[in-house]
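We will go from stop to stop, selecting a few residues each time.

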Amino acid sequence: MRISQDFAPTGPDAATTARRRPARGRAAAALTAAVAFALVLTGCGGGGDAAPKSASAQSSADADRVEPLTGAPAPKLPVTVDSADGDKVTIDSTDRIVPLTGSLSEIVFTLGFGKQVVARDITATFEQAEKLPVVTRAHDVSAESVLSLKPTIVLADTTTGPAEAIEQIRDAGIPLLVVEPAKGLSDVGRRIDAVAEALGVPSAGTELRERTEKRIADVQKSIPVRTDGKKPRVAFLYLRGSASVYLLGGAGSGASSLLEAAGAVDAGKESGLDKDFTAITSEALAKAAPDAILLMTKGFESVGGMDGLVKIPGIAETPAGMDRRVVTVDDGVLLNYGPRTDRVLTEIVEQLYAKGGKGQ
């Protein structure tokens, strides 16, 4: 399962996956259940010494604000667009918008429609959205809560569930657009364009896509060239200490695209892990042999910071563990793949290539 702030495995989200996908043996079922439970605990943490960020990284990620385009958009409606689930959806008003994932909320706010958003999903944690009513229970959509707000358009992606709630919203006559989720950097522009088209502002979508792509490219230009020609090996770990969830990311984790864009090698993927996540073992870590470890901030805190991290079997024996070298990014933005992805990439690059900082 590909874990993101939207908790979206490569398809349905982790909790939904646990309900919809048949178990593949008791061990697989137990692991899936553990991850699904852990994902509900987004606020878990246990203190610890989160890795410091440089001043420029802190500034760029004022991390919990989005940066809207300048100028108020003027929608040209009605529009009819194709939904990822096969429906055609006609939108004739953007007066009351309900985005049902955090990353879709980011796009809507950044396009300049923040004042028209009347609710949020639990994963929309950025500052401009935080006072909006939440229309999800855990990570399931409450159709009743959505409908009570009388939306004129609802935005979802294929990770949104349960299916019954989506059907109930549609049966009430509300235009509901489903967008394919993002699996990597190449999907950012596609999602921005899809949302902008549905809101009747395709030119604003083009502007935002170009701005986002340029900023990502600018960050990549800042990556230092190593004199030895070797790329750093970075393992993405998903940790929730209070739920005893310790996972090593593989090819389907969602982090590969970011790590490769940062000039690094995804150590889990390169070591042959073609699945999304696997339980951490000393053997798997030894084979991955990461020079650094990428973590969500809350996951790092949940195991007690660096001192707790190196107590996980196998971590201390890796080059990253011996050097105490970690890269941490806020849970709310790490795998969102949207208008703030350049900030995420900046944080990864600045921490990964920093000299003399903690974790080196």
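Start by selecting Asp 157 and Val 179: Asp 157 stands opposite Val 179, which belongs to β7. You are looking at a predicted model, in which local features need pLDDT of at least 70 and side-chain atom pairs count only at pLDDT 80 or more, while totals for chains, interfaces and linings use all residues. Residues are numbered from 1 along each chain as its sequence is written, and side-chain values use heavy atoms, with hydrogens and water left out.

Now show the strands around this spot. Helices (H or I, at least four residues) and strands (E, at least two) are DSSP runs, numbered from the N terminus. β6 and β7 run parallel and are joined by four bridges; two strands pair if DSSP finds at least two bridges between them. The open sheet has three strands in the order β3-β6-β7, with parallel pairing. Its edges are β3 (97–99) and β7 (176–179), each pairing on one side only.

Select residues 102–113 to see helix α4, which lies across β3, β6 and β7 and runs at about 145° to β3. Then look at α7, which packs on the sheet and touches β6 and β7, its direction making about 170° with that of β7. Contact here means heavy atoms within 4.5 Å. Axes are lines fitted to C-alpha atoms, for helices over the stretch in contact, and angles run from 0 to 180 degrees between N-to-C directions.

Which residue meets Asp 157 in a salt bridge? Select Arg 191: the two side chains come to 3.6 Å, N to O. A salt bridge is a side-chain nitrogen of Lys or Arg within 4 Å of a carboxyl oxygen of Asp or Glu. Asp 157 lies in strand β6 and Arg 191 in helix α7, so the pair ties together parts that are 34 residues apart in sequence. Asp 157 and Arg 191 are both buried, meaning under 20% relative accessible area, where exposed is over 50% and partly exposed is in between (1.4 Å probe, protein chains only).

Move on to Arg 240 and Asp 331, a salt bridge with its closest N and O atoms 2.7 Å apart. Both Arg 240 and Asp 331 are buried.

For the last stop, select Glu 67 and Arg 215, whose side chains form a salt bridge at 2.9 Å, N to O. Glu 67 is partly exposed at 35% relative accessibility, and Arg 215 is partly exposed at 27%.
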